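The following exercises concern a single protein model.

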Amino acid sequence: MLREMAFLHGARARAWAQVLAAGLAAWVAVFVAARHGWLDRTGTVIAADFVTYWAAGKLALAGDAAAVYQVASISAVEHAALPLPPGAFTPFFYPPSYLLFCLPLALLPYGLALLSFSVVGAAAFLAVLRRLWPPNTSGAWLALLAYPALVVTLGSGQNGLFSAAFIGGYAVLLRSRPMLAGACLGWLMCKPQLAVAVPLLLLAARRPAPMFGAVGMVALLAAVSAALFGVGAWVAFVQALPHAGASVAYALMDRAKLISVMAGAQMLGLPALACALVQAVVFVVAAVCVARVGWRRAGGPAEAAMLAAACLLMTPYAADYDLPVMAVALVFCFGAGAAGGFLPWEKLILLVAYLLPLFAHGLAKATGVPLAPFVLMALLGVTARRGFAAAGAVRA
């Protein structure tokens with residue numbers, strides 16, 4: 001029964017999506033009603049991760065961009081904005097090019113900045129994924145609005161919705177505006193841990209226009225940020241990179257919130273060398289899938305889906321707020337299944353992956369079971385099968 005999941009047909013899926021959407025909306029309403037200023041009912045700061053973007057923008061506006069990588073400086077700005085617990089702060093590990101994204105936010109009061117960031121991110125995500133939704137199928141808006149990753153990411157104050165929009169933008173624009181499609185992936189370099197597979201895909205696909213678009217965007221962002229903030233900001237960023245790596249390697253972050261293979265291996269109690277080895281093996285497998293789909297030029301949707309499925313596994317630094325990226329792969333696989341029939345176990349994998357943001361963090365925290373890496377590896381397999389098939393259809 002689970003192998004085919006024939007009982008999960010269109011009408012029933014829409015009904016359950018309506019229930020899920022209503023449940024998420026009710027939860028958000030209760031959450032908002034129970035808050036006390038910037039604190040929820042448990043005393044936790046709402047959308048706490050956003051404060052580092054706003055604080056970094058403030059420091060950059062003040063002419064001290066290198067200070068965003070100094071604990072004392074950025075922590076002081078964050079504590080001035082929010083009632084954070086003593087000693088708590090969110091570090092800024094992004095390259096100085098990301099400060100160009102933070103500057104407009106810092107021009108606004110904190111609350112308005114967070115609202116603008118959330119609305120623009122959600123709008124970009126929904127607009128791009130709606131364009132990718134397969135034709136002749138219904139329920140697009142319902143499925144996207146009920147996607148639990150939307151609530152998780154907005155509740156974290158993180159940028160996963162923008163990451164998904166940039167990867168999806170490559171799929172939408174590749175055929176009509178290939179250079180702009182590459183520029184979308186160039187923007188993704190502002191979050192380099194998710195962009196590891198981008199050069200591999202572009203080189204394997206051997207398309208000059210997207211390559212020029214991506215390289216040009218990266219070079220432009222680097223040049224503008226160096227001109228505005230000085231080379232010292234880039235030097236400070238490079239010096240801060242070991243601290244970012246240590247936060248994962250030595251489990252300084254909440255491992256239950258992380259979805260990477262390395263974090264999962266750490267949670268299972270594997271030795272440090274074994275954790276690194278497992279991460280390396282999965283990295284190679286995902287890289288081969290991306291390279292093969294790219295080399296065979298499977299097309300924008302297939303290539304973007306493969307990139308989305310692979311990038312969450314190729315980095316040890318991925319968290320539940322990055323799961324919106326997974327939607328690009330989910331929509332692609334759903335479209336292929338709706339058009340030609342679903343493969344064995346495919347419906348189950350897609351359903352579990354769709355619901356994963358709802359329970360990944362809570363389950364890992366309560367039981368110590370890191371489900372997310374296993375689900376992501378299953379999704380990688382499904383997406384690779386569909387990507388290889390799409391490449392074969394293109395060649396035929």
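**Exercise 1. Determine whether phenylalanine 50 and phenylalanine 117 are buried or exposed, and describe the pair they form.**

Solution. Step 1: phenylalanine 50 and phenylalanine 117 are both buried, where buried means under 20% relative accessible area, exposed over 50%, and partly exposed in between (1.4 Å probe, protein chains only). The model is a predicted one, in which local features need pLDDT of at least 70 and side-chain atom pairs count only at pLDDT 80 or more, while totals for chains, interfaces and linings use all residues. Residues are numbered from 1 along each chain as its sequence is written, and side-chain values use heavy atoms, with hydrogens and water left out.

Step 1: apply the ring criterion. Rings of Phe, Tyr and Trp (its six-membered ring) pair if their centres lie within 6.5 Å; planes under 30 degrees apart count as stacked, over 60 as edge-to-face and the rest as tilted. The count by this rule is 22 aromatic pairs. Phenylalanine 50 and phenylalanine 117 form a tilted pair, with 5.0 Å centre to centre and 45° between the planes.

Step 2: Phenylalanine 50 belongs to helix α2 (residues 50–61) and phenylalanine 117 to helix α5 (residues 110–132), so that the pair links distant parts of the chain, 67 residues apart. Helices (H or I, at least four residues) and strands (E, at least two) are DSSP runs, numbered from the N terminus.

**Exercise 2. Characterise the aromatic pair of phenylalanine 166 and tryptophan 187.**

Solution. Step 1: this pair is stacked, at 5.8 Å centre to centre and 0° between the planes. Step 2: because phenylalanine 166 lies in helix α8 and tryptophan 187 in helix α9, the pair ties together parts 21 residues apart in sequence. Step 3: phenylalanine 166 is partly exposed, with a relative accessible area of 22%, and tryptophan 187 is also partly exposed, at 26%.

**Exercise 3. Which residues of helix α10 are buried, and why do they line one face?**

Solution. Step 1: in α10 (residues 198–205), the buried residues are Val198, Leu201, Leu202, Ala204 and Ala205. Step 2: seen down the helix axis, these residues fall within an arc of 165°, so they line one face of α10; the arc is that of the directions from the helix axis to the C-beta atoms. Step 3: the buried residues of α10 pack against α8 (160–173), α9 (178–188), α11 (208–229), α14 (272–295) and α15. Step 4: arginine 206 follows α10 and has a positive phi, near 60°.

**Exercise 4. How many disulfides are there, and how far from cysteine 289 is the nearest cysteine sulfur?**

Solution. Step 1: a disulfide is a pair of cysteine sulfur atoms within 2.5 Å, and the count by this rule is zero. Step 2: cysteine 289 is in no disulfide, the nearest cysteine sulfur being that of cysteine 333, 12 Å away. Cysteine 289 is buried, with a relative accessible area of 11%. Step 3: the sulfur of cysteine 311 is too far for a bond because the closest cysteine sulfur, in cysteine 289, is 13 Å away. Cysteine 311 is buried, at 2% relative accessible area.

**Exercise 5. Describe where serine 260 is found and what its side chain reaches.**

Solution. Step 1: serine 260 is found in the loop between α12 (231–249) and α13 (261–267). Step 2: serine 260 is buried, with a relative accessible area of 0%. Step 3: its side chain reaches the backbone oxygen of proline 316 at 2.8 Å.

Definitions and conventions: Polar contact = N/O pair within 3.5 Å; in protein donor to acceptor, adjacent residues only side chain to side chain. Contact = heavy atoms within 4.5 Å.
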